[in-house]
Amino acid sequence: AMRAVPLLLAGCACIHAAGAHAIVSAPRLAHSVFTRRPSRIVCVEQAPDAPSVASGKDAETERAELKAELVEMVKPLAFGFDSSQEQREDVLEIVEELEALNPCPDPLQTPEKLGGIWRLIFTTSPSVRNVQGVMGINQWFKDARMVEFLQDIRCEPNYMRYIETVEFPGLVSKMVGNVAVAEGFWTPQEDDPTTMYTECNKVSIGPMKYDSDQWQSLRCLMVQDVTYLDDTLRIQHGLVPNIVFIFEKLPPDTKLPPTS
């Protein structure tokens, strides 16, 4: 018999749920501006392709609906820059539901899915929010703000490139352009099929070259634990478990911003 799993909900007693897939609905408090998403909490992890007991849907349909909901939710939030705590919590709920349906348990061994051009659509990272970009350009150029962040991941060799398009104030963009690039390599974390360790060895903004050690903001991507991967969406966690980065895959013929 399967062991009962306790679930503790805020404001409720401890609830026990048994079975292959148990879901309960948790009431949400209305926010003055933002209406919270009704929660579906998965108590017991199910196989990625098993049908949902609660909804009766197959895993592929469930994934498609959750992905559509996730993309729609994060679209107006400017990578998370303009998100509230309540909105970030709702995003994390969908992330957890998708992770329970992850179709690719060995992402680092699946180069046809992992490799390619990925665009960041959302992150819960407070450091990225604070500096208005992954690479933290506004620590060097006041009021600079990221408008796009791309990851170019290649396998065999395991090459990694970050391309961040930045909106600079005043005349700065005429002097340095509006694209920052970091390059390096990634290696699989030992004994972990989902985590890669990345190390950038050079950073450039237009004609200016920097030592990567100067860019501490890149540490948020030093460890990338890929917890969901399919042909069009990737979710990964950083060093802190509740910090997520969500990427969408771009077509292989995507034209990249000029980097010099």
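Author: Rings of Phe, Tyr and Trp (its six-membered ring) count as a pair if their centres lie within 6.5 Å; planes under 30 degrees apart are stacked, over 60 edge-to-face, and the rest tilted. The model is predicted, so local features need pLDDT of at least 70 and side-chain atom pairs pLDDT 80 or more, while totals for chains, interfaces and linings use all residues. Residues are numbered from 1 along each chain as its sequence is written, and side-chain values use heavy atoms, without hydrogens and water.

Reader: How many aromatic pairs does a search of the whole structure find?

Author: A pair of aromatic rings is described by the distance of the centres and the angle of the planes. The search of the whole structure gives a count of three.

Reader: Which class does the pair of Phe-149 and Tyr-162 fall into?

Author: Phe-149 lies in strand β6 and Tyr-162 in strand β7, so the pair ties together parts 13 residues apart in sequence; strands (E, at least two residues) and helices (H or I, at least four) are DSSP runs numbered from the N terminus. Both Phe-149 and Tyr-162 are buried, where buried means under 20% relative accessible area, exposed over 50% and partly exposed in between (1.4 Å probe, protein chains only). With ring centres 5.6 Å apart and planes at 40°, the pair is tilted.

Reader: And which class holds Tyr-159 and Phe-185?

Author: This pair links Tyr-159 in strand β7 with Phe-185 in strand β8, 26 residues apart. Tyr-159 counts as buried at 15% relative accessibility, whereas Phe-185 is partly exposed at 44%. The ring centres are 6.1 Å apart and the planes are at 75°, so the pair is edge-to-face.

Reader: How many helices and strands make up the secondary structure of the protein chain?

Author: Buried residues make up 48% of the 260 residues in the protein chain. Among contacts (heavy atoms within 4.5 Å) between residues at least 6 apart in sequence, 60% join residues at least 24 apart. The secondary structure comes to five helices and 13 strands.

Reader: Over the faces of which rings does Arg-234 lie?

Author: A charge sits over a ring if NZ of Lys or CZ of Arg is within 6 Å of the ring centre and within 35 degrees of the ring normal. Arg-234 is also among the contacts of Phe-245 beyond four places in sequence, as are Leu-120 and Cys-220. At 4.9 Å from one ring centre and 4.3 Å from the other, Arg-234 lies over Trp-118 and Phe-247.

Reader: How far is the sulfur of Cys-220 from the closest cysteine sulfur?

Author: A disulfide is a pair of cysteine sulfur atoms within 2.5 Å, and the structure holds zero of them. Cys-220 counts as buried at 16% relative accessibility. Its closest cysteine sulfur is that of Cys-200, too far for a bond at 10.0 Å.

Reader: What is omega at the cis peptide bond between Glu-156 and Pro-157?

Author: Most residues other than glycine have a negative phi, and most peptide bonds are trans. Glu-156 has a positive phi near 55° and is exposed, with a relative accessible area of 71%. Pro-157 lies in the loop between β6 (145–154) and β7 (159–167). The cis bond that joins Glu-156 and Pro-157 has an omega of about 5°.

Reader: What is the phi of Asp-191?

Author: Asp-191 sits in the loop between β8 (179–188) and β9 (195–205). This residue is exposed, with a relative accessible area of 76%. Asp-191 is not a glycine, yet its phi is positive, at about 65°.

Reader: What distance separates the C-alpha atoms of Pro-193 and Leu-108?

Author: Pro-193 lies in the loop between β8 and β9 and counts as partly exposed at 42% relative accessibility. Leaving aside neighbours within four places in sequence, Pro-193 is in contact with Asp-106, Pro-107 and Leu-108. Pro-193 and Leu-108 are 85 residues apart along the chain, and their C-alpha atoms are separated by 6.3 Å.
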